[in-house]
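Here is a short briefing to read alongside the model. Take a look at the structure first, and then we can walk through it together.

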Amino acid sequence: MTTTTPARTDRDGVLARTALHPSLSAPLLDTMNFLNEVTLRYPQAISFAPGRPYEGDFDVARVPGYIETYLDHLRGRGHSEERVRTALYQYGETAGQIRDIVARMLEVDEDLTVDPASVVVTVGCQEAVLLTLRALFTGPEDVLLVDSPAYVGITGAAGLLDIPVVPVPGTPDGPSPEGLERTVREIEASGRRARCLYVVPDCSNPTGVSMRREARTALLDAAARLDLLLLEDNPYGVFSRVRRPTLKSLDTERRVVYLGSFAKTAFPGARVGFVVADQLVAGADGRPPGLLAHELAKVKSMVTVNTPTLSQAAVAGLLLQNGGGLRAANEASARHYQSTMRCLRDTLTAELPPGAPESDGVRWNDPDGGFFLTLDVPFEADEAALDVSAEKYGVIWTPMRHFHLDDAGDRQIRLSCSYLTTDRAAEGATRLARFVKDRATSNG
């Protein structure tokens, strides 16, 4: 008996689905498009879906000034006009031409001292994720661990690279150390290797959870004991009411690869992120060890070649205008997000008071900053329920099932209030409460 392989294309030139990479058929890869597009489908609804920064403080007139500030910085360092022109117009260094400015920001904002040579400036943090995964994972026996529920950007990137992902049970204080150790041992027993754990310690996406300092220390201890690297993603730390040390600043063994972004704190449209990879990599042919950052730059040279110099100039100028950091520059934004989050919680409490019959099965957490809040509901929070919520009640949210690798999260929703004013957040929460009460009643 012979078998035939499906044609790659039919006579109309239509590609067979089986001719494409299997990851493209995974529902996960539709999630990012869903998050970006669901608001457009219901333009009259109040949307708690997008994890975007508030636009109220954006000022187009400032952008040329940012770029000029950076160019003046180069002139002040003795660069000729020809070199200044090249820095703005040409491709630039693959690893980035503002690495020293990024390193200075980390020192100002996070009390974190890094060698600029260990920094790679990327096209958003998503490229930093992709570069890091590509460099660290060598084959199907290497497993990526994620704090569950996890940001879809990490799990989606892993899927594109054929990297197996295993969730670690999450707690209200981050990954469970016991769950982490149990998961690693199970992976080892299967003949595979847990390579690293991805975690967002501050105001996590999607849960809003932040790790206490003690939990951070315990996680670093566990990583050392289990010989794990930690991928620390920190886009929201500057918005927290409580300032905590980054995992990277507590790291004494170079176990933490630090991922950062300017999308939430500075300039989303510039699409600039970075990675700090100061781990040493053994040299070839007896040469001295080099930095992991150098290896990531090799990967980047075959992906995006370099991060646009115009975007780097705008971000650098904004940093230079604010004393080298962004924490102080984001104080107003942090107050806005905290005020909007407080308004959202207060309205939910008024509309769904604890102990009331209509509140049975309804709970939400209390993030200390950031963009996100998690709401438990007594019904299946799927796309069908979302369509009803958007069309009939005028409010949009994100099903938490998008962020889980298992069947968990079916009765949870993610609320992002960062994009809204307090008035819109309050009105949206009122509509949402009405939907939750009606949905719970109809399901009962």
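**Overall picture**

Of the 444 residues in the chain, 52% are buried, meaning under 20% relative accessible area with a 1.4 Å probe and protein chains only. This is a predicted model, where local features need pLDDT of at least 70, side-chain atom pairs count only at pLDDT 80 or more, and totals for chains, interfaces and linings use all residues. Residues are numbered from 1 along each chain as its sequence is written, and side-chain values use heavy atoms, leaving out hydrogens and water.

**Fold**

- The chain holds 14 helices and 16 strands, which are DSSP runs (helices H or I, at least four residues; strands E, at least two) numbered from the N terminus.
- Among contacts (heavy atoms within 4.5 Å) between residues at least 6 apart in sequence, 72% join residues at least 24 apart.

**Helices α5 and α10**

- The axes of α5 (residues 124-136) and α10 (residues 292-301) come within 9 Å and cross at roughly 110 degrees; axes are lines fitted to C-alpha atoms, for helices over the stretch in contact, with angles from 0 to 180 degrees between N-to-C directions.
- The two helices α5 and α10 are therefore roughly perpendicular (65 to 115 degrees).
- Residues in this contact include Leu 131 in α5 and Leu 296 in α10.

**Sheet**

- An open sheet of four strands runs β12-β13-β16-β15 with antiparallel pairing, where strands pair if DSSP finds at least two bridges between them.
- Its edge strands are β12 (363-364) and β15 (398-399).
- Pro 399 has Ile 413 in β16 as its bridge partner.

Technical notes
Angles under 35 degrees count as roughly parallel, over 145 as roughly antiparallel, 65 to 115 as roughly perpendicular and the rest as oblique. Buried means under 20% relative accessible area, exposed over 50%, partly exposed in between (1.4 Å probe, protein chains only).
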